Amino acid sequence: MLSDNQSLLLCGLIVVGIFVTGLLGTLDNFLVLTVLTIFFLAIIINLVSTKTFAPKEEEIEVEVEE
């Protein structure tokens, strides 16, 4: 799974990638679209897997010190 910092870095790379390739006119290139799509799917899969495999509140044992 990706950490929070890695997810933010990938989101930033996608934004910068779309901006730069849009300015250069290479956004229609198959290779560029493939790389940006892979980054996007990695973030989405990470979000889904984090929510799916996260421990539920009932499973978390909280130790209370008296």
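I45 lies in helix 2; helices here are DSSP runs of H or I with at least four residues, strands are runs of E with at least two, and both are numbered from the N terminus. I45 is exposed, with a relative accessible area of 57%. In this description, buried means under 20% relative accessible area, exposed means over 50%, and partly exposed lies in between (1.4 Å probe, protein chains only). I45 and L2 are 43 residues apart in sequence, and their C-alpha atoms are 9.8 Å apart in space.

The model is predicted: local features need pLDDT of at least 70, side-chain atom pairs count only at pLDDT 80 or more, and totals for chains, interfaces and linings use all residues. Residues are numbered from 1 along each chain as its sequence is written, and side-chain values use heavy atoms, with hydrogens and water left out.

**The chain and helix 2**

The chain has two helices and zero strands. Of its 66 residues, 15% count as buried. Its accessible surface comes to about 6,000 Å², and 68% of that belongs to carbon and sulfur atoms. Such areas come from the Shrake-Rupley method with a 1.4 Å probe; for residues, only the protein chains shown count as cover.

Helix 2 has 24 residues and reaches 34 Å from its first C-alpha to its last, close to the 34 Å expected at 1.5 Å a residue. The expected span is 1.5 Å times one less than the number of residues. At the N-terminal end, N29 caps helix 2: a side-chain oxygen of N29 lies 3.2 Å from the backbone nitrogen of L31.

**The buried residues**

Which residues of helix 2 are buried? They are V32, L36, I43, N46 and S49. What covers them includes helix 1 (4-24). An α-helix has 3.6 residues a turn, so residues three or four places apart point the same way.

L36 counts as buried because its relative accessibility is 12%. Not counting residues up to four places away in sequence, L36 touches I14, G17, I18, T21 and L27; contact means heavy atoms within 4.5 Å. L36 and L13 are 23 residues apart in sequence and 8.5 Å apart in space, C-alpha to C-alpha.

N46 is in helix 2, and S7 is found in helix 1. A polar contact of 3.2 Å joins their side chains. A polar contact is a pair of N or O atoms within 3.5 Å; within protein, one must be able to donate a hydrogen and the other to accept it, and residues adjacent in sequence count only if both atoms are side-chain atoms. Leaving aside neighbours within four places in sequence, N46 is in contact with M1, L2 and S7, while S7 is in contact with L2, I43 and N46.

**The nonpolar patch**

F40, L41, I44, I45, L47 and V48 make a nonpolar surface patch of about 570 Å². Patches are made of residues with over 30% relative accessible area and no salt bridge; like charges are joined within 9 Å and nonpolar side chains (Val, Leu, Ile, Met, Phe, Trp, Tyr) within 5 Å. A salt bridge is a side-chain nitrogen of Lys or Arg within 4 Å of a carboxyl oxygen of Asp or Glu. V48, one of the patch residues, lies in helix 2 (residues 30-53).

| Residue | Relative accessible area | Class |
|---|---|---|
| N46 | 7% | buried |
| L36 | 12% | buried |
| S7 | 16% | buried |
| V48 | 49% | partly exposed |
| I45 | 57% | exposed |
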